[in-house]
Amino acid sequence: MLRLITALIILVSGAAAQASFWSVNDYPHYPDWMYEKRLSELDKNSMVKLDYNAKVQAFIDVYTVKRREHLANIIGRSEFYFPLFEEYLAKYELPLELKYLAIVESALEPTAKSKSGAMGLWQFLYHTSRMFDLEVDNYVDERCDPVKSTEAACRYLKYLYRNLNDWQLALAAYNGGIGVVQKAIERSGGKTNFWELQPYLPKEVQSYVPAFIAVNYVMNNYQRHDVSANPPMVKFDEVDTVYIHKSLTFDQIQTAAQVPMEVVEWLNPAYTKKYIPVDGEAVCIFLPKSGVLNFVRAEKSLIGAMAPGSITAPVGDKSGRQHTVHIVRKGEFFHKIAIDNHCRISDIIYWNNLPNRNLYIDQELIVWKPVERSAYFFVTEEARQIKPVLYINRLCNVNAASRQPLFPNPKGS
């Protein structure tokens, strides 16, 4: 008994020493066979094949280790968006697990914008949106409308599957285009298995299906990785619709409904200038149920708003900008410096009190650059790094690079 107690003390002491050595950012991790087993259980009820391999594991690690806070936000937003997605997926007789596709596309950010200019929850490019009658103009971008873009995505996915007859290939085509997948099939000599087709696809498309499978895993197992949801601004069942019959600004709506501005913006992301144009037919908007009655009572007293025009900032304006110093390099001139820093030549002259437009090499210029908005999280852009040492139950660690299992494999392999 004494030996047993001594051994336990040594074990606990060792664990405590390790706990003090390893950072608080050590997270639960499991051997490969356990991830594979959990995915195989999900696969039994999935119309989209959920394979497990190292590429899938890489994206699981992105969510459960590197981007845990993003995952917590995604889980919270899913409580709002998934009921909507499921309604339309069922309407079009599509696999319900396709709701996870929007996480790969946009991390459930309704105004997400990619480097290529794709917008919204489902990341439609401008020319693709026109195929599904999504309106894009100076004031409205229906690619960011949760309802209209979801229906468009369902129609597109159904079309892709009808042409390719395989859900993994349909997902790859959603990302890269049906022509890209068809050309890859031709170059490969007729292969139609996604994993065999991978080398013939562009790099981003190669990552797309593994990321989708990883999202299926994390959204069904996040609790096993000690991740919990960050609640959304409002829940799905706390929102209602109301029709407006005159053009209004978000300021007017927020004041009349007595709800926070950020909630109005989040629920109505398609209106890019915080202005809702109404030309004849009434327009449906979303508000928290708590503010609907307030708005209805106040609507008649609201004066129809004029469309916002472009606003020219005064010379030298620093609003929304941060102080930087630009060193003039050989061959640079005022227009290039102003373009690169999103300002005007007159601003640079004002900020530096310059007597003329003469520049010289190594000259230091004060420049107030726009504060960059936090970049949207696109999982397929995440480069895989060597996996960190991870903690399991705070008792023992595993170097994931060696992939040594901490749990015996019941299959004996």
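A: Asn 353 has a relative accessibility of 69% and therefore counts as exposed, since the cut-off for that class is over 50%. This residue is placed in the loop between α16 (345–352) and β6 (364–370). Its backbone has a positive phi of about 55 degrees, although Asn 353 is not a glycine. As the model is a predicted one, each value given here is computed from it.

The loop between α16 and β6 also holds Gln 363. The relative accessibility of Gln 363 is 6%, so this residue counts as buried, the limit for that class being under 20%. When residues up to four places away in sequence are not counted, Gln 363 touches His 326, Ile 327, Val 328, Leu 354 and Asn 358.

Glu 93 belongs to the loop between α4 (68–91) and α5 (101–106). With 68% relative accessibility, Glu 93 counts as exposed.

Phe 80 counts as buried because its relative accessibility is 10%. Tyr 81 counts as buried as well, at 0%. Phe 80 also forms an edge-to-face aromatic pair with Phe 236, with 6.1 Å from centre to centre and 65 degrees between the planes. Phe 80 lies in helix α4, whereas Phe 236 lies in the loop between α11 and β1 (239–244), so the pair ties together parts that are 156 residues apart in sequence. With a relative accessible area of 36%, Phe 236 is partly exposed. Phe 80, Tyr 81 and Phe 236 are among the members of one aromatic cluster, which also includes Phe 82, Phe 85, Tyr 100, Trp 122 and Trp 266.

Helix α4 packs against helix α7 (residues 146–164) at an angle of about 40 degrees, and the two axes are 10 Å apart. That angle makes α4 oblique to α7. The crossing of these helices is right-handed. On the α4 side, the contact involves Tyr 81, Leu 84, Phe 85, Tyr 88, Leu 89 and Lys 91; on the α7 side, Pro 146, Val 147, Thr 150, Glu 151 and Cys 154. Sorted by class, the residues of this contact are 8 nonpolar, 1 polar and 2 charged. Tyr 81 and Phe 85 meet α7 in this contact and also belong to the aromatic cluster.

Helix α7 has a further partner in helix α9 (residues 178–187), with an angle of about 15 degrees and axes 11 Å apart. The two helices are therefore roughly parallel, because the limit for that description is under 35 degrees. Their crossing is right-handed. Tyr 159, Leu 160, Asn 163 and Leu 164 of α7 make the contact with Ile 178, Val 181 and Gln 182 of α9. This contact has 5 nonpolar residues, 2 polar residues and no charged residues.

Another helix pair is α3 (residues 54–66) with α11 (residues 203–221), whose axes come within 8 Å and cross at roughly 55 degrees. This makes α3 oblique to α11. Their crossing is right-handed. In α3, the residues in contact are Lys 55, Val 56, Phe 59, Ile 60, Tyr 63 and Thr 64; their partners in α11 are Ser 207, Pro 210, Ala 211, Ile 213, Ala 214, Val 215, Tyr 217 and Val 218. These residues divide into 11 nonpolar, 2 polar and 1 charged.

From C-alpha to C-alpha, Asp 51 is 8.0 Å from Glu 36, and the two are 15 residues apart in sequence.

Terms used:
Residues numbered from 1 in each chain as written. Predicted model: local features only at pLDDT ≥ 70, side-chain atom pairs only at ≥ 80, totals over all residues. Heavy atoms only, no water. Axes fitted to C-alpha atoms, helices over the stretch in contact; angles between N-to-C directions. Helix = DSSP H or I, 4+ residues; strand = E, 2+ residues; numbered from the N terminus. Parallel < 35°, antiparallel > 145°, perpendicular 65-115°, else oblique. Left-handed = near helix turned anticlockwise from the far one by under 90°. Contact = heavy atoms within 4.5 Å. Nonpolar A, V, L, I, M, F, W, Y, C, P; charged D, E, K, R; others polar. Buried < 20%, exposed > 50% of the residue type's maximum accessible area, 1.4 Å probe, protein only. Phe/Tyr/Trp six-rings, centres within 6.5 Å; stacked < 30°, edge-to-face > 60°.
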